[in-house]
Amino acid sequence: MVFLFWLANSFASAASIGDYEPVSARQVIQKAMPAVTDVVPREGNRAIQELYAGEELKGYAYQSLDFLQTPAYSGKPMNIEVVLDTNGEIVRSHVIEHHEPILLVGIPEHKLHDFTDQYVGLKADQRVTVGGTSTESKVAVDGLSGATVTVMVVNEVIMKSAHRVGAELGLVEDAGKVRPPLAEVKTDGFEEKDWQALTGEGAVRRLKLTRGQVDDSFKGTPAEDVDVTPEAERDESLIDLYAAYLNVPSIGRNLLGESQYQWLTSELKEGEHAIAVLASGDYSFKGSGYVRGGIFDRIQIRQFGDTFNFRDLDYYRLSDVYADGMPDFNEMAIFIIRQQYNFDPGTPWTLELTVKRQTGPLDSVFQVFPLEYQLPGDYFTRAEPVLTEEQWLAEQPMWVQVWYQRQFQVIVLGAGIVVLLLILFFQDWLVQKPKATRWIRHAFLTYTLFFIGWYALGQLSIVNVLTFINSLISGFTWKTFLIDPVIFVLWAVVAGIVLLWGRAVYCGWLCPFGALQELINEIARKLKVPQYTVPFAVHERLWAVKYIVLLVLFGVSLDSLATAERMAEIEPFKTAITLHFDRSWPFVTYAALLLVVNIFTRKVFCRYMCPLGAALALPTKLRVFDWLKRRKECGNPCRLCDHECEVQAIHPDGTINYQECHYCLDCQMTYFNDHKCPPLIVKRRGKRRGHNAPGHPEEIPVVQVT
């Protein structure tokens with residue numbers, strides 16, 4: 001036991017050697033643009049930083065967590081520092097924080113940075129996929145073997161955040177979202193409604209700002225101490241702002257009255273839209289600085305990342321409204337959204353109100369407050385958009401994209417599961433053909449090792465169990481587990497198998513490292529390598545070791561899941577299966593040592609050290625089926641099966657310990673073989689003698705097999 005604790009700590013220490021050293025965002029910026037001297041938060045969105053070399057704007061930088069929180073394989077989001085130039089091209093992208101176990105203890109950190117270096121020079125609005133070949137519509141970047149899901153998340157985080165930031169800065173068009181066909185406003189079906197009904201259904205939307213809210217928005221800026229409101233007046237309203245879309249008769253006619261509405265519709269050209277802006281309070285949405293021929297600088301419309309400004313010719317004074325129950329307003333206006341803006345009335349839009357504070361003769365700071373507007377669905381219709389397969393996939397959640405791209409692995413895995421279920425359901429018939437059974441078993445183990453393990457990377461681990469328990473404590477979400485389809489399908493199948501047959505079926509048929517050990521041991525036996533059988537008294541006590549390892553890992557995970565993941569390197573799965581032995585020498589030596597021991601004694605790691613096996617063994621007592629048949633002679637006097645059991649899961653009294661069994665079916669092949677099973681041999685001989693000498697029954701001898 002002392003050795004195991006030392007071994008676990010050694011793995012944690014060895015893993016920490018490969019941990020990445022945190023890099024600050026400023027270091028990433030300096031490496032991307034050495035000439036940068038000033039990093040200034042952008043007005044209106046302080047998550048975006050403007051990069052200056054003296055007075056010259058060189059580019060922009062941001063951290064992805066401020067724009068996307070896509071969970072990665074660990075269930076936690078990554079944080080990536082991205083630097084863009086003024087043309088919207090990626091100058092550098094660098095992961096500054098992550099919690100991925102495959103990268104913390106497994107793949108060298110520099111490989112992740114080599115992967116992100118591929119994004120240098122790409123435009124923020126380009127479509128990028130991991131793997132495949134580049135085409136006119138997309139750019140393909142090389143993946144990272146052993147971390148497929150992780151790099152797909154990195155790709156999504158870099159490109160989606162770059163699209164979003166680039167569109168906000170006006171560097172690229174908003175290519176991250178497919179625009180639907182323009183909505184058509186319903187011009188019939190007028191219904192008389194009062195002010196309360198219009199606001200209740202969302203046809204009229206409201207934004208109310210207090211003086212204190214506006215003061216708080218300027219905290220941390222140069223205008224923090226400018227025009228500060230006295231404490232007693234902080235709750236007073238600065239502006240109570242309303243907006244409404246007027247093209248719909250049930251909104252426009254109710255607000256404007258019949259004659260004013262008819263006048264408005266006669267003024268509107270095809271493709272133009274009118275909105276009403278109404279306000280009360282001391283702050284004017286028009287502003288006192290407005291001059292004829294100029295632009296209204298306090299309000300603008302934003303949709304699809306585009307902004308629509310209003311000039312004097314877009315403005316009409318609204319003298320009266322007619323909706324019953326409407327409050328009094330000291331400022332009312334109609335603004336026209338012109339044709340060139342390609343405005344979509346059915347898509348959400350924002351009326352942005354700007355509040356500016358002067359910090360010097362020529363300097364000012366402003367804050368933007370959004371009034372979100374969505375026209376109620378009863379007032380418009382829209383044709384269904386026709387999307388290409390690539391467009392449809394780009395709109396789906398991350399886990400759907402991963403399942404779509406790995407559908408081949410899922411289908412082949414599903415076919416393998418069906419074959420395994422057929423083997424289990426027809427096992428009594430199959431084991432009566434020992435040669436065919438052994439051939440099928442070896443073929444399935446080869447499939448498990450090469451396809452499930454080395455190709456699909458479907459090696460389950462105790463880390464999965466600890467992550468699941470941790471998610472139940474900290475907040476469960478299906479997306480965390482759906483992001484790796486092969487692992488998800490395997491765990492779903494294993495959950496059912498453990499309840500029906502116990503741990504045995506997974507450990508004996510579906511574990512890639514277990515398959516590797518068994519195939520190596522089979523080859524060793526063919527080569528007549530001598531085998532060592534652990535004395536049962538010692539073997540029975542060694543069973544407990546894996547349960548102690550499980551308890552230690554579980555206890556550590558409650559304090560630090562990251563530390564538990566490092567200590568879980570006691571499992572050689574990542575080295576031997578996920579990373580194909582492409583790892584530093586201590587890990588490869590450890591995995592190789594276990595396989596060498598396995599040459600002389602089958603599955604030593606699985607039987608005595610595997611914490612995953614221990615975790616699966618605990619619910620095995622709840623299994624529904626006991627399909628491994630036994631006879632009353634098993635154990636006394638016959639002990640053939642317990643001597644033949646390669647993993648020593650049969651007690652000397654003949655009972656099978658399902659918590660240690662690997663369901664190899666060897667004992668069942670003996671059970672049905674009347675040329676091998678001693679009770680059946682005696683029975684067969686007795687029948688033959690009784691048939692040859694009728695009337696003279698012969699006593700059936702008791703056979704002791706040692």
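**Helix and cysteines**

Modeller: Helix α19, residues 512-526, has 15 residues and reaches 21 Å from its first C-alpha to its last, close to the 21 Å expected at 1.5 Å a residue. The expected span is 1.5 Å times one less than the number of residues, and helices are DSSP runs of H or I with at least four residues, numbered from the N terminus. This is a predicted model, where local features need pLDDT of at least 70, side-chain atom pairs count only at pLDDT 80 or more, and totals for chains, interfaces and linings use all residues. Residues are numbered from 1 along each chain as its sequence is written, and side-chain values use heavy atoms, with hydrogens and water left out.

Biologist: How many of the residues of α19 are buried?

Modeller: Eleven of its 15, so α19 is mostly covered; buried means under 20% relative accessible area with a 1.4 Å probe, protein chains only. Among them are Phe-513, Leu-516 and Leu-519.

Biologist: What covers the buried residues of α19?

Modeller: The cover includes α14 (434-455), α18 (504-510), α22 (573-578), α23 (585-600) and α24 (604-608).

Biologist: What follows α19?

Modeller: Lys-528, with a positive phi near 65°.

Biologist: Is Cys-606 buried or exposed?

Modeller: Cys-606 counts as buried because its relative accessibility is 7%. Cys-641 is in no disulfide either, with the sulfur of Cys-667 nearest at 5.6 Å. Cys-641 has 11% relative accessibility, so it counts as buried.

Conventions. Buried < 20%, exposed > 50% of the residue type's maximum accessible area, 1.4 Å probe, protein only. Disulfide = S-S within 2.5 Å. Helix = DSSP H or I, 4+ residues; strand = E, 2+ residues; numbered from the N terminus. Contact = heavy atoms within 4.5 Å.
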